[in-house]
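Please look at the model before reading on.

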Amino acid sequence: MTNQKIAQTLEMLADLMEFQGANAFRLRAYRNGARVIREMPDSIEKLLENGEDLVEFDGIGKGVAAKCRELVETGKLEQLETILDEVPRTVLDLLNVPKLGPKKAAAVFNELGISNLEQLEAACMDGQVQQLPGFGAKTEKAILAGIAIAVAANQRILWSQADQIASDLRKHMVDCSSVNRLEFAGSYRRGQETVGDLDLLVDSNCPEEVMDHFAEFDSINSTIVRGETKMSVRLENEFQVDLRVVPAESFGAALQYFTGSQAHNVLVRGRAKQMGKKINEWGVFQLEGDQEQWLAGRTEQEVYEALGLPEFPPEIREARRELDWAETGPLPELIELDDICGDLHMHTTATDGRATLPEMVDAAKACGLKYIAITDHSKRVTMANGLDSDRLLAQWQEIDQLNQAMTDDFLVLKGIECDILEAGGMDLPDDVLAQADWVIASVHYGQQQSRQQITDRIVGALQHPHVSMLAHPTGRLLNKREPYDVDMDAVFQAALENRKLLELNANPRRLDLNDIHLLAAKTRGIPVVINTDAHRTEGLDDMKYGIKQARRGCLTAADVANTLPWNEMKKWIGRE
Ligand code: DGT
Ligand code: CA
Ligand code: CA
Ligand code: ZN
């Protein structure tokens, strides 16, 4: 049993108890415990096996420790099972609606008899929900938006989660001696930020053996369908995986076909037709009268070549500009992880980070970076113990000392993630910001403001002389929160006019800017900075997700500012 699973179960228990009327205050122990467990480097299961007492850990009390033991020993929680017998299963969907929460879910359940998402949506449309005490029209609207997010979250998982499953499944499948080649196709291969299902292709002459082996994958819950060469399964988390077994001579054609996107394939098929050819999942064929002659199919490269096309990187197969590019010259050379020199957004224990400043520095060096900026939160972010001027200046002194003591040419920049206040303006005084190497401007509060208000705040920050970059520009959280209502055109314009940079936040839950915005920024000549926003040392590894997203936005190294050494980047933003 993973820590992740234990934390999820505790949270579910707390939510359901609150749904049944328990006092939220009493449930804090479970929720805090869940958070601690999720972030612990050690496995709870291992600790218990070694006879350790979990109460020794900060944030884990007696009650939580007992639940952990029960879960690890029996695989379930008695109390949770009892509650699940009492409430309809679909109530769990209600609890996943952002802005509803267990208490409000209980209100709609008890007052309006609502027990699933469809009923909740209908009642919102009817205006019934806003009449409940403590709700109102604004809440009802937020709940409606939340339902859409919950429905989508039920259907698609984050790319990073799909990546974990794909890597486990790959490990499992390579043990099968009948597998010659294996590749994941579909939206996962294209690096889409969320993935609907996984599409696995195997090159083999023994589909039966491959499917038998596939069926033994640990986390499979049920088989949806099994044919002669195709099989679909559902995993324990409801996620679907499609397997297709193909012969070697069609593997490349199948990979091309099932990688998609569907829109890209439409364009490719159109091109084949113009050339008197045909392309499908079996290969490329020359058409002559009612005869057809097989031309290619073994590898993806030969498939594209047979149509006079380059092997497009999967990330740009979206029927945007890739076919035009192929017509007029070589494709852009998309950015790679190795191109990145610095990471300019991260937190330490001074605010809500989990690692100290020196720990973040060591971890960044181990990643091969040349420079980082320490950018803790400013004071407005009280929840994260944000820095006021004095604490910030003290941190910068520590950074100066660190740099002086350093024997290699690694550089730590004095930065700050400064909030853009609700009323506009920056959270720290100009004379302090003027002393920074690197100032990030961020919106954390007032995200529900009108389009005009939010746009004005952001544009104001981009006009500020000391601001270097706007972080997570649209504020979205995938499957959790919609972007704020902001005029991106105005943001791009202000960034361009004031020589400011825009962030691509690499956190797999954010990936903000999105692929379309990235391409727009590139087209307008606005450099992007890919940052991890790490809150712990492991967070620095998120850079790879940012790179995937950047590639989807067709960015090359030249479009990304932190591929430059700091002294060149500094010139660009005018901090000399
Ligand atoms: P997803 O799973 O919703 O995240 O997105 P995809 O792109 O992985 O879609 P999926 O799994 O339905 O199909 C994988 C690829 O197979 C898709 O990108 C293109 C190809 N494909 C599937 N069905 C069709 C179809 O009916 N027509 C065409 N042209 N291509 C298809
Ligand atoms: Ca798929
Ligand atoms: Ca599929
Ligand atoms: Zn941050």
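Which domains give residues to the shell around ligand 1? Domain 3 (157-246) and domain 4 (251-328) both do, so ligand 1 lies between them; the bounds come from an automatic or database domain assignment. The model is predicted: local features need pLDDT of at least 70, side-chain atom pairs count only at pLDDT 80 or more, and totals for chains, interfaces and linings use all residues. Residues are numbered from 1 along each chain as its sequence is written, chains are lettered from A and ligands numbered from 1 in the order written, and side-chain values use heavy atoms, without hydrogens and water.

**Ligand 1**
- The shell holds 15 residues (a heavy atom within 4 Å of the ligand).
- Arg156, Ser187, Arg190, Gly196 and Asp197 are the closest.
- A polar side-chain atom of Ser187 lies 2.5 Å from a ligand oxygen.
- For Asp197, the distance from a side-chain N or O atom to a ligand oxygen is 2.9 Å.
- A polar side-chain atom of Asp199 is 3.1 Å from an oxygen atom of ligand 1.

**Largest cavity**
- Its space is about 60 Å³ (on a 1 Å grid over the protein atoms alone, a cavity is a set of points where a 1.4 Å probe fits but cannot get out; the volume is the space filled by probe spheres set on the points, which are joined across faces, edges and corners).
- Lining residues (an atom within 4 Å of a point) include Trp159, Glu193, Pro508 and Tyr545.
- Domain 3 (157-246) and domain 5 (337-569) both contribute to this lining, so the largest cavity lies between them.

**Second largest cavity**
- About 50 Å³ of space lies here.
- Gln256, Asn265 and Arg269 are among its lining residues.

Definitions and conventions:
A polar contact is a pair of N or O atoms within 3.5 Å; within protein, one must be able to donate a hydrogen and the other to accept it, and residues adjacent in sequence count only if both atoms are side-chain atoms. On a 1 Å grid over the protein atoms alone, a cavity is a set of points where a 1.4 Å probe fits but cannot get out, and a pocket is an open set with protein on both sides within 12 Å along at least five of seven lines; lining residues have an atom within 4 Å of a point.
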